[in-house]
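Work through the exercises below with the sequence and the 3D structure open beside you. Try each task before you read its solution.

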Amino acid sequence: MKLVCVMLQFFRIFVIMKKPIAALIYDFDGTLSPGNMQEFGFIQAVGKTIPEFWTMSDDIAKGQDASNVLAYMKLMFDEAKANGIPLRRENFQRFGKDIALFPGVREWFSLINAYGRSRGVRIEHYINSSGLKEIIEGSPVAKEFKHIFAGSFLYDENGEAEWPGIAVDYTAKTQFLFKISKGIFSSRDNKKVNSSVAEDKKRIPFSNMIYLGDGETDVPCMKIVGMFGGNSIAVYNPENDSKKSMAKKLLRQGRVKFITPAVYTKDGMAYKVVCAIIDKIKADFELEQIAGTCK
């Protein structure tokens with residue numbers, strides 16, 4: 001009988017010490033930054049205007065019925081080569097350091113981490129982007145992410161980009177949700193991510209995911225997170241009426257549960273919504289633990 005009591009006490013201590021993990025998963029362009037990452041240095045370096053560059057990229061995709069992502073990666077490669085700009089990782093990262101961010105983004109991560117600690121919830125931040133990992137790695141907030149899932153190049157023996165390594169379009173982004181859930185941080189993995197894992201064995205269940213995105217390329221991810229019990233939030237640039245209209249459309253269509261301006265300060269709506277979801281994650285976790293003891 002004494003042994004049983006000791007074991008029960010140990011179980012109670014284990015439950016108290018164990019913390020749920022909440023994964024905040026962000027698109028990058030239009031979500032944390034008001035523009036596309038190529039627009040804060042790279043496009044100017046190759047002597048193009050922003051509209052000119054994207055028109056050229058679209059023309060490549062339309063002319064060859066190709067992926068928009070692979071089209072912009074090819075254009076970056078071609079324009080850099082034509083202008084004598086070596087595309088090394090460090091060059092990409094230099095372009096990333098000048099990326100503009102929405103208000104409050106730099107302080108956001110410490111704010112949310114602190115709130116999570118106060119509620120007994122472990123917070124992890126992830127990027128899920130169709131942009132370039134190398135540029136994001138040079139951004140002012142790169143260190144805040146547990147992992148960055150995004151496009152990247154392959155590099156030759158001299159360290160220069162020679163071919164696309166990973167191209168992430170709107171449907172490809174969904175695979176990374178499953179990798180986050182199972183704790184897989186390899187982009188090339190296609191075995192573990194497809195293996196069957198019981199819901200209670202997953203590192204982060206979908207119900208503990210909060211997905212933040214700004215547009216139609218995020219819809220598949222938003223939908224999947226919502227279908228499996230998580231929460232998706234459409235953010236929008238408060239100075240851009242078309243972005244606000246898009247967020248409202250996503251809400252009407254049931255793609256997201258919440259919309260909020262892309263303002264990441266403590267007094268902003270995004271902070272209030274995310275904190276409320278963290279509270280729910282903690283409450284659901286505690287109820288599951290109580291249900292487990294009843295069994």
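The model is predicted, so local features need pLDDT of at least 70 and side-chain atom pairs count only at pLDDT 80 or more, while totals for chains, interfaces and linings use all residues. Residues are numbered from 1 along each chain as its sequence is written, and side-chain values use heavy atoms, with hydrogens and water left out.

**Exercise 1. A helix with a buried face**

Task: Find the buried residues of helix α5 and work out how they are arranged around its axis.

Solution: Begin with the terms. Helices (H or I, at least four residues) and strands (E, at least two) are DSSP runs, numbered from the N terminus. Buried means under 20% relative accessible area, exposed over 50%, and partly exposed in between, with a 1.4 Å probe and protein chains only. In α5, which covers residues 89-96, the buried residues are N91, F92, F95 and G96. Seen down the axis of α5, these buried residues fall within an arc of 150° (taken from the directions from the helix axis to the C-beta atoms), so they line one face of the helix.

**Exercise 2. A mostly covered helix**

Task: How many residues of α8 are buried, and which elements do they pack against?

Solution: Seven of the 10 residues of α8 are buried, so the helix is mostly covered. They are K173, T174, F176, L177, K179, I180 and S181. These residues pack against β1 (21-26), β2, β3, β5 and α9 (219-227), where contact means heavy atoms within 4.5 Å. Just after α8 comes G183, with a positive phi of about 75°.

**Exercise 3. Pairs of aromatic rings**

Task: Classify the ring pair W108 and Y264, then the ring pair F149 and F176.

Solution: A pair of aromatic rings is described by the distance of the centres and the angle of the planes. Rings of Phe, Tyr and Trp (its six-membered ring) pair if their centres lie within 6.5 Å, and planes under 30 degrees apart count as stacked, over 60 as edge-to-face and the rest as tilted. By this rule the model has 15 aromatic pairs. The rings of W108 and Y264 have centres 5.1 Å apart and planes at 80°, so this pair is edge-to-face. The pair links distant parts of the chain, 156 residues apart, since W108 is in helix α6 (residues 105-119) and Y264 is in the loop between β7 (258-261) and α11 (269-294). W108 counts as buried at 0% relative accessibility, and Y264 likewise counts as buried at 0%.

Turning to the second pair, F149 and F176 are stacked, with 4.6 Å from centre to centre and 20° between the planes. F149 lies in strand β3 and F176 in helix α8 (residues 173-182), so the pair ties together parts that are 27 residues apart in sequence. Both F149 and F176 are buried.

**Exercise 4. The largest pocket**

Task: Which residues lie closest to the centre of the largest pocket, and which classes make up its lining?

Solution: The largest pocket holds about 760 Å³ of space. Of its 30 lining residues, the closest to its centre are D29, N36, W54, S130 and T217. The elements that give two or more residues to this lining are α3 (50-64), α4 and β2. By class, the lining has seven nonpolar, 14 polar and nine charged residues. One of the residues closest to the centre, W54, also belongs to an aromatic cluster with F42, F53, Y72 and F95.

**Exercise 5. Residues one at a time**

Task: Are D65 and I112 buried or exposed?

Solution: D65, in the loop between α3 and α4, is exposed, with a relative accessible area of 74%. Most residues other than glycine have a negative phi, and most peptide bonds are trans. The phi of D65, however, is positive, near 50°.

I112 is found in helix α6 and counts as buried at 0% relative accessibility. Leaving aside neighbours within four places in sequence, I112 is in contact with L24, I123, H125, Y271, V274, C275 and I278. The C-alpha atoms of I112 and I123 are separated by 7.5 Å, although these residues are 11 residues apart along the chain.

Note on methods: 1 Å grid on protein atoms, 1.4 Å probe; cavity = no way out; pocket = protein on both sides within 12 Å on 5 of 7 lines; lining within 4 Å. Points joined across faces, edges and corners; volume = space filled by probe spheres on them. Nonpolar A, V, L, I, M, F, W, Y, C, P; charged D, E, K, R; others polar.
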